[in-house]
Amino acid sequence: MLLFALGFLLVILRPSAGQFPRVCANVQSLLSKECCPPWDGDGSPCGELSSRGSCQNILLSQAPLGPQFPFSGVDDREDWPSVFYNRTCRCEGNFMGFNCGECKFGFSGLNCTERQVKTRRNIFQLTASEKNKFLAYLNLAKNIPSQDYVIATGTYTQMNNGSNPMFRDINVYDLFVWMHYYASRDTLLGGSNVWRDIDFAHEAPGFLPWHRVFLLMWERQIQRITGDENFTIPYWDWRDAEDCEVCNDEYMGGRHPTNPNLLSPASIFSSWQVICTRSEEYNSQQALCSATSEGPIRRNPGNNDKSRTPRLPSSADVEFCLSLTQYESGPMDKMANYSFRNTLEGFADPQTAISNPAQSGLHNALHIYMNGSMSQVQGSANDPIFVLHHAFVDSIFERWLRRHRPMLEVYPAANAPIGHNRENYMVPFIPLYRNGEFFKPSRELGYDYEYLQEPALQSFQDFLTPYLQEARQIWAWLVGAAVFGGIVTAVLTGLVRACRKKKGGTSSEIQPLLIESEDYNNISYQSNF
């Protein structure tokens with residue numbers, strides 16, 4: 001009954017996520033390289049008549065890239081999305097979306113003026129009803145076609161430079177699986193040649209911002225197809241876990257009784273089919289994943305290679321990672337030492353922060369531990385545990401942001417691997433998002449984590465935040481004013497003392513105290529200020 005009701009809602013709600021907008025997946029849009037669809041509210045491109053946005057040339061970053069990708073002009077994802085489109089909607093104010101028809105993350109209302117902060121919760125803190133609703137939402141997403149987006153089944157060259165569009169429909173859940181695949185796939189160089197050392201979502205600074213956007217878009221998509229505007233992704237806190245606590249039929253699916261690599265028939269996820277898991281086959285055919293079914297979800301938690309991942313991450317691992325002060329370092333890839341990003345991603349030892357790609361820590365450890373669909377990068381989002389896992393990884397990123405309060409300049413502006421500089425647009429999202437736009441506290445993006453909240457202080461903090469931000473902008477002036485004030489006070493005090501000495505004469509009987517007690521307190525307070 002719940003699924004029937006949710007299915008009915010799809011008829012009246014128009015979902016929006018990412019990748020290729022259906023209205024731009026045609027010959028005219030590809031040949032003109034323009035994706036500026038009309039907003040339904042007024043019928044004008046990008047809602048221009050309502051001042052929501054306008055069709056503009058894409059401004060690409062010119063910052064130099066790192067040496068990891070020694071090619072140019074061979075991959076459709078270079079300078080995303082310019083191979084497909086060089087004009088898109090640039091939205092104004094708090095408007096967002098491929099046609100400026102949505103609100104930015106953290107805003108709602110008819111004119112996107114209402115701020116909102118929603119709370120992501122521990123999956124084990126959900127009531128039975130809330131948990132069952134979450135599972136039903138997942139299954140609904142797996143069985144409902146995306147109305148607004150399609151996926152590419154061929155490269156731009158294979159599309160004859162736009163004159164032969166190659167796109168297909170896809171369900172809502174698999175749309176996100178495909179996007180994760182597309183961002184991390186190998187570069188096809190022709191013949192049987194590929195370049196593997198490339199990834200627009202991993203092994204570099206953009207790993208955390210990219211997955212933050214991915215989750216926000218996934219969350220909004222579920223809100224739209226269900227009509228549940230209060231939905232948030234739950235997280236699985238896997239610190240110090242002795243096994244996969246969510247791997248049972250009550251939650252994300254237990255083990256099959258006769259085949260330990262499959263899910264229990266009692267789980268709704270046992271009937272799910274995976275996509276985009278055969279990277280070597282795609283490479284040999286010089287083809288993209290077409291999102292055809294490739295078998296059931298595979299998972300055998302704990303029966304992984306113990307030499308690479310001996311255990312699940314501990315609280316101590318997380319705390320050490322949080323103590324690292326550098327977001328990024330050195331080559332800014334999986335060989336980076338003392339990098340918070342590389343340590344959290346799992347390519348550096350969680351006890352020393354020294355790069356060791358032969359071992360898998362923190363984020364990577366969970367993927368390897370699952371020993372199945374989750375363990376292969378390109379297809380890892382097929383397993384619904386993916387969203388629980390990455391929500392918790394994002395919460396660790398959030399803890400680091402709150403503890404160290406980095407300026408935007410901490411995120412590398414140049415020389416990062418391809419696609420990972422601060423001003424690069426993230427592959428393959430349309431509407432467009434830059435890496436640096438999501439290097440900020442989650443509350444500014446409209447969400448928080450239950451275990452990070454401080455209820456007694458939160459309202460006071462919200463009250464002070466705008467004043468503190470304004471003070472930060474004029475901090476240098478305030479310091480200068482304070483120094484100047486101190487100098488003036490000292491000079492005036494000296495003059496007062498000198499005048500009183502000259503005026504008071506030599507008689508101790510009639511000479512007043514230099515400073516009465518009240519004056520002393522006042523001068524001390526001013527001097528300290």
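Please keep in mind that the model is predicted.

I will start with the disulfides.

One joins C24 to C35, with an S to S distance of 2.1 Å. Where do C24 and C35 sit? C24 is in the loop between β1 (20-21) and α2 (27-32), while C35 belongs to strand β2 (residues 34-35), so this bond ties together parts that are 11 residues apart in sequence. The torsion about the S-S bond of C24 and C35 is about 85°, which makes the disulfide right-handed. Is C24 buried or exposed? C24 has a relative accessible area of 2%, and buried means under 20%, so C24 is buried. C35 is buried too, with a relative accessible area of 1%.

Next in the chain comes C36, which forms a disulfide with C55, the sulfur atoms being 2.0 Å apart. C36 lies in the loop between β2 and β3 and C55 in strand β3, so the pair connects parts 19 residues apart in sequence. With a torsion of about 70° about the S-S bond, the disulfide of C36 and C55 is right-handed. Both of these cysteines, C36 and C55, are buried.

Which hand does the disulfide of C276 and C289 have? The torsion about the S-S bond is about -75°, so this disulfide is left-handed. C276 is in the loop between α5 (207-226) and α6 (279-285), and C289 is in the loop between α6 and α7 (315-323), so parts that are 13 residues apart in sequence are tied together. C276 and C289 are both buried.

Now to the salt bridges. In general, side chains of opposite charge can pair when their charged atoms come close. How many salt bridges are there in this structure? The count comes to 27 salt bridges.

Take D75 and R185. Their side chains meet in a salt bridge, at 3.8 Å from N to O. This pair links distant parts of the chain, 110 residues apart: D75 is in the loop between β3 and β4, and R185 is in the loop between α4 (172-184) and β12 (187-190). D75 has 5% relative accessibility and counts as buried. R185 is also buried, with a relative accessible area of 4%.

Another salt bridge is between R120 and D394, where the closest N and O atoms are 3.8 Å apart. R120 lies in strand β9 (residues 118-120) and D394 in helix α10 (residues 385-404), so the pair ties together parts that are 274 residues apart in sequence. R120 is buried, with a relative accessible area of 0%, and D394 counts as buried at 4% relative accessibility. R120 and D394 also belong to one network, joined by salt bridges that share partners; among its other members are R212, E219 and R443.

A further salt bridge is formed by the side chains of D237 and R239, at 2.6 Å from N to O.

Last, the surface. Which residues form a nonpolar patch there? They are F71, V74 and L189, which together have about 200 Å² of accessible area. V74 is in the loop between β3 (53-57) and β4 (87-91). With 36% relative accessibility, V74 counts as partly exposed.

Note on methods. Residues are numbered from 1 along each chain as its sequence is written. This is a predicted model: local features need pLDDT of at least 70, side-chain atom pairs count only at pLDDT 80 or more; totals for chains, interfaces and linings use all residues. Side-chain values use heavy atoms; hydrogens and water are left out. Patches are made of residues with over 30% relative accessible area and no salt bridge: like charges are joined within 9 Å, nonpolar side chains (Val, Leu, Ile, Met, Phe, Trp, Tyr) within 5 Å. Accessible areas come from the Shrake-Rupley method with a 1.4 Å probe; for residues, only the protein chains shown count as cover. A salt bridge is a side-chain nitrogen of Lys or Arg within 4 Å of a carboxyl oxygen of Asp or Glu. Helices (H or I, at least four residues) and strands (E, at least two) are DSSP runs, numbered from the N terminus. Buried means under 20% relative accessible area, exposed over 50%, partly exposed in between (1.4 Å probe, protein chains only). A disulfide is a pair of cysteine sulfur atoms within 2.5 Å.
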